[in-house]
Amino acid sequence: MPDGSPKPETEQRSLRVKVWRGSGGEGGYETFEVPRQPSQTILDVVTWIQQHSDPNLTYRFACRVGMCGSCAMMVNDEPRWTCRTHVDRVLKGDELRIAPLRNLPVIKDLVTDMDPFFDKWVSAEARHHPTADRHSDFAAITPDDPHRLEASSGIECINCAVCYAACDTVAGNPDYLGPAALQRAWTLFNDARDEDGDAILDAVSGTGGCHNCHSMGSCAHYCPNELNPMTAIAGLKRATARRFLTGRGKRKPS
Amino acid sequence: MTVQLERHDTDILILGSGGAGLFAALHAQQAAPEGTKITLAVKGLIGKCGCTRMVQGGYNVALGGGDTVERHFMDTINGGKWLPDQDMAWRLVSTAVERIHELENEVGCFFDRNPDGTLHQKAFAGQTADRTVHKGDLTGIEIINRLMEQVLSRPIERMQEHRAIGLIPSKDGDGLAGVLMIDMRKGCFRFVRAKAVLMATGGGPTMYRYHTPSGDKTMDGLAMAMRAGLGLRDMEMVQFHPTGLLAGDNTRMTGTVLEEGLRGAGGILLNGDGRRFMFDYDDRGERATRDIVSRAIYDEMRKSNTTPQGGVHIAMSHLGPDNVSQKFPGMVKRCADCGFDLAGGKVEVVPTAHYFMGGVMVDVDTRTTMDGLYVAGEDAGGAHGANRLGGNGVANSTVFGGIAGDMMGWDVSGRSLREADETILAAEIDRAMHPLGKTGGNVHELRRKLQDVMWDDVGVIRTASGMNRALVALEDIDAELMDTGVSADNLAFNLTWHDWMNLRSLLDISKVITQAGLARENSRGAHFREDFSEVGDLNSSYFTLAQMHGSNLEVTRAPVAFTIVKPGQTILPDSEPDTLVAAE
């Protein structure tokens, strides 16, 4: 997705913005005329519509800076953080098309129900299984430990569901856990402090698990944080195969 | 018109899912008897709204290497300009040690390490030791992601996109019966009774033209607490961050933080004439503390020495664009996404309202004067006094959130649900429905008006005449708001209705900030009075206390109790050096 700095300011005075409206599985696009501003993100465009044109438009945002992952939508058919997408970057002619994030149920207009995404996060055993408690010392782990580097490679995920929306495997198989949950499982699997690598491998090797991934790479292509869930999923595939062949689950750090 | 009211019961109800709310949920579950029902209600999505997630810097905790809890305590008291509640500050710094171990070992956070595998700690401004534990400059994401995973995988009832609008006392007045909420998705009211309620909705001074907090933060918690008659302390204390992005009035990017580290690394501030001005104000130049840099920028703005959008420039390019990109990748990328070249060019910045030190009066166990109500995190006052140190915010929310969970877990045993005062419940519903079906007015223009008033007259530099002018303007805005309507065609996820209620809360608390600002006739920490620019006698320090009496808000002064250390003294041994931080 990164494509250099935004192009210089265009001459346009206004934007024609098609916005998906509806709820309960029914709806369609409505068109709004929105004035062009020098500093203008997609979130600013939907905000302008709600504040000036249609007070009933519903969208979701929180942090405004790409940390919370609440505001992702489909922008010209591609999943993006709307708070960090400058209009210049995505404008084709004078038109924009904005829709709720793909692969999730729509609550209303541009807002999706993210519960299925997080339910899968939980199903992938994507939470720490402690080996120590608040009365123990911190684990001495050096920053260059190879398992740590592997664990850290995906750690900046903000669960925005952009990869989940981008994934055709999710679209074709509603049971598939999806790139974000699997990447998180890989992060935890590689954590020397995590007790239950076997539970993680069990969770990711079932019917909706890592082996569904066809390595199409949309997750890595669209991740706004430039993470690579596809590599993490490949790691899980190797780990589950190794366990199948050797009967050994988690490698203990050397 | 009538709107549906649904009723629901639980045992423990937690409002908010930042560091305080999520920790409370985990601790309540550990402490409460088996079978206790715990409900987490939040205005947005669990773990996503609120501000803990946005923590960049880190978590202050004394972990040895010469640093001590006593030293952390003294830094907190000095940083708070002798106004903190000392027992709360002590509870904060001492419990932080256990809490950080819990975060690493039980919750699963992994903080940055030294080459030998021990935790890396750095020194923030105002600290005398390398004390701040962090995960790069995205510490909040690490903490909230991990807490969220733990909470989501436990049997805790979730009420997402449920906005709390009223604390409803019991019929006999002996405590809290429950909380009135709006199920935002459905657009109906839901009254949830509970035996114990934690309010951890976060403060968030978004009534200023420039502000950093998350968009959902609108002081709802403090406004509810005030209406319920609770005492609010230090309400004049609004912390401004000196470098918020300035990108025009029409973008939500404006006001968001450009991190402190930019100035620390050698970033310079230039006024509209392109002149470096910080040394006119302080010998440390751009490395002066947040309050001083904010006031200096504000002063340049008052003299109209400004950039095209009315702020100043921050410039980093003299440090080498590649070097800047390498050192601050997140900041550079964020600016680039939004059309600004931080590494090689100049970016317009402005002071921006960041954190609210004021809050509900609580004891060290998060209890309030209302039986059944607990308050933690930014909604609670006392721990920070006049100024919060960078790194003490997330320590505060996680420490006291956990304590609240413990207390509620223990307290619910043997307690029963209370009958609500139905008259107050009905009045709170009426209050929320006030704009529905009315026509006229524009809530968004009105919010801008409020933000201008607060910025101009109750902002970085204050005077009695300015604040008195603001009080009049706030009453005018209030009258206009009550005449401003919202279409009632569809209440499901009606953001404009919520914008009206957001403004209602912000306006209520703006008045309190202004009155408290008038009551403090000296300059301490975040509060600067041009007409009373002296710190004042430390030994007779007072804090402001705001409370409703009938329909009147009264602001009084109460003496600070120096329960642990008196001004001019220290609890550090005589042999201890002033600072352990190596000079640059």
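Tutor: Start with one helix. This is a predicted model.

Student: Which residues of helix 9 of chain B are buried?

Tutor: First the general idea. An α-helix has 3.6 residues a turn, so residues three or four places apart point the same way. Now the case. Helix 9 of chain B spans residues 329–337. Its buried residues are B:Met331, B:Val332, B:Arg334, B:Cys335 and B:Asp337.

Student: What covers the buried residues of helix 9 of chain B?

Tutor: The cover includes two helices of chain B, helix 6 (261–264) and helix 8 (321–327). Strand 16 (346–356) of chain B is also included.

Student: Which residue with positive phi follows helix 9 of chain B?

Tutor: Look at B:Gly339. Its phi is near 100°.

Student: Next, domains. Where do the domains of chain B lie?

Tutor: The assignment places domain 1 of chain B at 241–354 and domain 2 at 435–559. Their C-alpha centres are 27 Å apart. Each of these two domains gives five residues to the contact.

Student: Which helix gives the largest share of domain 1's side in chain B?

Tutor: Helix 7 of chain B, residues 290–302, with four residues. By class, that side of domain 1 has two nonpolar residues, one polar and two charged.

Student: And chain A? What are its domains?

Tutor: Domain 1 of chain A covers 14–112, and domain 2 of chain A covers 115–246. The C-alpha centres of these domains lie 29 Å apart. In their contact, domain 1 supplies 16 residues and domain 2 supplies 14.

Student: Which strand of chain A gives the most to domain 1's side of that contact?

Tutor: Strand 3 (72–75) and strand 4 (78–81) of chain A each bring at least two residues. Strand 4 gives the most, with four residues. Sort that side of domain 1 by class: nine residues are nonpolar, three polar and four charged.

Technical notes
Residues are numbered from 1 along each chain as its sequence is written. Chains are lettered from A and ligands numbered from 1 in the order in which they are written. This is a predicted model: local features need pLDDT of at least 70, side-chain atom pairs count only at pLDDT 80 or more; totals for chains, interfaces and linings use all residues. A residue is buried if 20 or more other C-beta atoms lie within 10 Å of its own, exposed if 12 or fewer, and partly exposed in between; C-beta atoms are placed from the backbone. Two residues are in contact if their C-beta atoms, placed from the backbone, lie within 7 Å. Domain bounds come from an automatic or database domain assignment. Ala, Val, Leu, Ile, Met, Phe, Trp, Tyr, Cys and Pro count as nonpolar, Asp, Glu, Lys and Arg as charged, and the others, Gly among them, as polar.
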